[in-house]
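Let's take a walk through this structure together. Have the sequence and the 3D view open as you read.

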Amino acid sequence: MAASRSSSAGKLTTTQRHQMELERKVGDMLGTFVGLGRHQRSVLLELWREEHVEFLVQKGLRRLGASYSVLDSSRPWLCYWSLHSLALLGESFNLELGDDVIEFLERCQDSGGGYGGGPGQMPHLATTYAAVCALVTLGGAKALGSINREKMLQFLTRMKDSSGGFRLHEGGEMDVRGCYTAIAVAHILGILTPTITYKVNEFVVSCQTYEGGIGGEPGAEAHGGYTFCGLAALILTNQMEGLDLPSLLKWAAKRQGKVEGGFQGRTNKLVDGCYSFWQGGIFPLIQHVIPRLVSQLPVFRNHLLHPADENDVLHMCCKVKTCLESKKTGFVHDNSINSCISGEEDEGTSEPNIQITRTRIEGKESPPIMSAETLFPLKFHGSYQNITDAQQHSTDCFSKEDEQTKHGAAQGLSTFNQDSCFVRPFFNTQALQAYVLICCQVLEGGLIDKPGKPRDFYHTCYCLSGLSTAQHPTWLQAEACPSESDVLGPSCNLLEPTHPLCNVHFERYLEARSFFNDLSL
Amino acid sequence: MQVGVEDDDGDRWIPFSERSEWSDVQPVPQDDGPYPVVSIAYTSQFRETMDYFRAVLARDERSDRSLELTEEAIHMNAGNYTVWHFRRLVLESLGKDLWKELYFIQDVAKSNHKNYQLWHHRRWVAEKLGVAVAPEELRFTELVLASDAKNYHAWSHRQWVLKALGGWEAELSFCSMLLQEDIYNNSAWNQRFFVIKNSPLLEGLDSMRESEVEYCINAIKLAPLNESSWTYLRGLFGNDTKSLGDSQSIGQVCFEELARDRCCIPALSFLLDLVCYGFQPTVDDCKILDSSIEILSSLQLALYLCERLEVVDAIRACYWAWRRSLLPAIIK
Ligand SMILES: [Zn+2]
């Protein structure tokens, strides 16, 4: 290969340079955080609720500056980003504002079904998803009743392509976003007909790449947003066949930054706050399909390993230990940070015992910097469920799921059963929360992509959605409250739970499902 | 009302209401209702342009002046898919020369690299122009990739051009060139995979495997911590996990890297997968991992690798521990 060893030439590539700059910046912030006194540290880990609410209500929902003209075709999105963020923050909406949103979205609703980016614009699947989710978030008969389901079904059917995909609008592009938004809307409204679900599996599976994640269209690079959309679309339609789950999970797990704690959207790209949801949200979905994942694992054949010198074989065989039972282990998060902030138990140890890691960027001896990985270690504790039991339990869960879906979408959570087969999350939820809280909050309110970027409503929405997902790792157990150790920072940081497939406030989702179930089509 | 705004070129913007050629058109204001939400403080230029756009859209007026109007509207908000859609209708109805449309798109692209509508429009135009436009399309994406080598839309467009219009001849060397510039460019690795798999000029994944494995191993040696090349190596084998597990040479690559750096995460991770696919290193190979312990079976090795990864790749400790907990259950 012609490529010169970039590092030996002493010159970093663009990817390395950007990654290093960000690690330095985040590492410095984490270092500062560790060096602070207990009180200041607690402030840094606090979710600045009032400021975010102020930003969303004053800036977002009412009047936007001229620079927002570039989002003039995304106004239902602006509604959803703000309303959903507020709902996660536990804010209730005053009647007047709710009515105004309903009336505005009615002006975006097309007479032929679906919602456009603004009054008089063509209906578009993405803004349709946003409008429906905004109305679900408001809740109540007036909001939900304003959606024309019959016309919506006609619109979705018109966007359906024979390949199984969906066009985003008449004559528009076709990608995995289209599948997800169409199917999520149809699911919420209870109009998930065979025409809509036709060949969704084929389309999405053809977009899974050799990396394990899913791209926007066949051949395209694995990407966090499309992977969430594709996986959610297949779960919603119960069409998981052919999706390689072990490689998808491995790909997603590897997207969490060791230093940053947040997620990157693609391999060797920079961490970004919005992927807290798009990537972080993949894990609760995978937890739901673990039995299928386990069934896809290669059969493991245990071989005796031979010495390099074959004559030793016999001798070796006698030495092999027969008991290879794995240790029973489980994880709890090391709560040293939380406890030293609350400071109740250990007055003396306000300095957590933290080791500094050397980050590993090829060919460059980088000076040691603080990392999320060392700040939020996972400790062995307790025990994993006995794996055989777990498997048995999983099989039960799975057949129950199939059974449930047979009874159809009439059940509120038809495609999502309440039993979790694996209790601990697959990613470091504390490190993710730390990235959102320490690196993505703006003092004046609102959240961001990464330090140095300006705030916006999209990132505010998806940083908060990701934070909520990380705080509710055991959400599958219906009413299970997150334990205190699941929430990083003061307990008042706890957000409302979001529905992992549709990303709307969980209770509002249930309300909408039962509202539409009671209607006939 | 604000009259005349200087645009970028220093030309005065003349309101439509002052343009004689538009005097017959009654502008249509946006119907935001009496109590609007998420309302945007449009400039008067933005508002008036859209008012006239709504008017021609309502009349479905497919004329030259409509075409010019859409151009102005797109320059103000390239995300308005309704405007783009209407522009396509007008272009088609008037039988416009679509080669000229490429310049317009290139102009808009200067400030809007990451815009779905622009790239969709480009695809629509290129499809109409056919194979003759392929070199131009490849050049256009190269232009965008020169300033943003991982632009998702540009790569998608390029893949579509290759599949629909051709132009594969230099694609593999284009990938090599980008990887030479930045071996961590995962988009370029993804493109390389796309070329190997789909190029009609090559013999497909299976027959290219050997030479690609060699290319990839070289890349791994240059940058052992680069996840992109390790994942590409895995991708070359697809479902053929048996060949992967049987390959002594690939297993040795892992050990070589681990001999150099015991904490090389991608090598530990790859070796774990190899062992799960049936790879059997020698007991002496395993000494490279840790000379103080004796690993005598593939299960012991897999357990050891998981435990190592839980430590050196601590952010993913949950994931690796889960992999470990599964091992005894998947033994047959
Ligand atoms: Zn982002």
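This is a predicted model: local features need pLDDT of at least 70, side-chain atom pairs count only at pLDDT 80 or more; totals for chains, interfaces and linings use all residues.

Start with chain A, which has 23 helices and three strands. Of its 521 residues, 62% are buried. Take the contacts in chain A with a separation of 6 or more: 73% of them join residues 24 or more positions apart.

Now for the rings. Over all chains, the structure holds 40 aromatic pairs. One of them is A:Trp77 with A:Trp81: the ring centres are 5.7 Å apart and the planes meet at 25°, so this pair counts as stacked. Both sit in helix α4 (residues 75–88) of chain A, and because they are four residues apart there, about one helical turn separates them. A:Trp77 is buried, at a relative accessible area of 15%, and A:Trp81 is buried too, at 9%.

Another stacked pair is A:Phe283 with A:Phe427, whose ring centres are 4.8 Å apart with planes at 25°. This pair links distant parts of the chain, 144 residues apart: A:Phe283 belongs to helix α15 (residues 282–288) of chain A, while A:Phe427 is in the loop between α20 (387–406) and α21 (429–439) of chain A. A:Phe283 is buried, with a relative accessible area of 1%, and so is A:Phe427, with 4%.

Back at the two tryptophans, A:Trp77 and A:Trp81 belong to one aromatic cluster, whose members also include A:Tyr80, A:Tyr129 and A:Phe228.

What about the core? The largest nonpolar core has 254 residues, and A:Tyr80, A:Met152, A:Leu156, A:Leu231 and B:Leu271 touch the most other members. Helix α6 (residues 125–138) of chain A gives the most to this core, with 11 residues. In chain B, domain 1 (1–96) and domain 2 (237–332) both give residues to the core, so it lies between them. Beyond its neighbours within four places in sequence, B:Leu271 is in contact with several residues, including B:Cys254, B:Phe279 and B:Leu305.

Chain B has some charges over rings as well. B:Arg122 lies over the face of B:Phe140, 3.7 Å from the ring centre, and the charged end of B:Arg158 sits over the ring of B:Phe174, 3.9 Å from its centre.

Finally, find B:Pro27, in the segment before β1 (39–40) of chain B. Is B:Pro27 buried, exposed or partly exposed? Its relative accessibility is 29%, so B:Pro27 counts as partly exposed. Leaving out residues up to four places away in sequence, B:Pro27 touches B:Asp51, B:Tyr52 and B:Ala55.

Note on methods. Residues are numbered from 1 along each chain as its sequence is written. Chains are lettered from A and ligands numbered from 1 in the order in which they are written. Side-chain values use heavy atoms; hydrogens and water are left out. A nonpolar core is a set of buried Ala, Val, Leu, Ile, Met, Phe, Trp, Tyr and Cys residues joined through side-chain atoms within 4.5 Å. Buried means under 20% relative accessible area, exposed over 50%, partly exposed in between (1.4 Å probe, protein chains only). Helices (H or I, at least four residues) and strands (E, at least two) are DSSP runs, numbered from the N terminus. Domain bounds come from an automatic or database domain assignment. Contact means heavy atoms within 4.5 Å. Rings of Phe, Tyr and Trp (its six-membered ring) pair if their centres lie within 6.5 Å; planes under 30 degrees apart count as stacked, over 60 as edge-to-face and the rest as tilted. A charge sits over a ring if NZ of Lys or CZ of Arg is within 6 Å of the ring centre and within 35 degrees of the ring normal.
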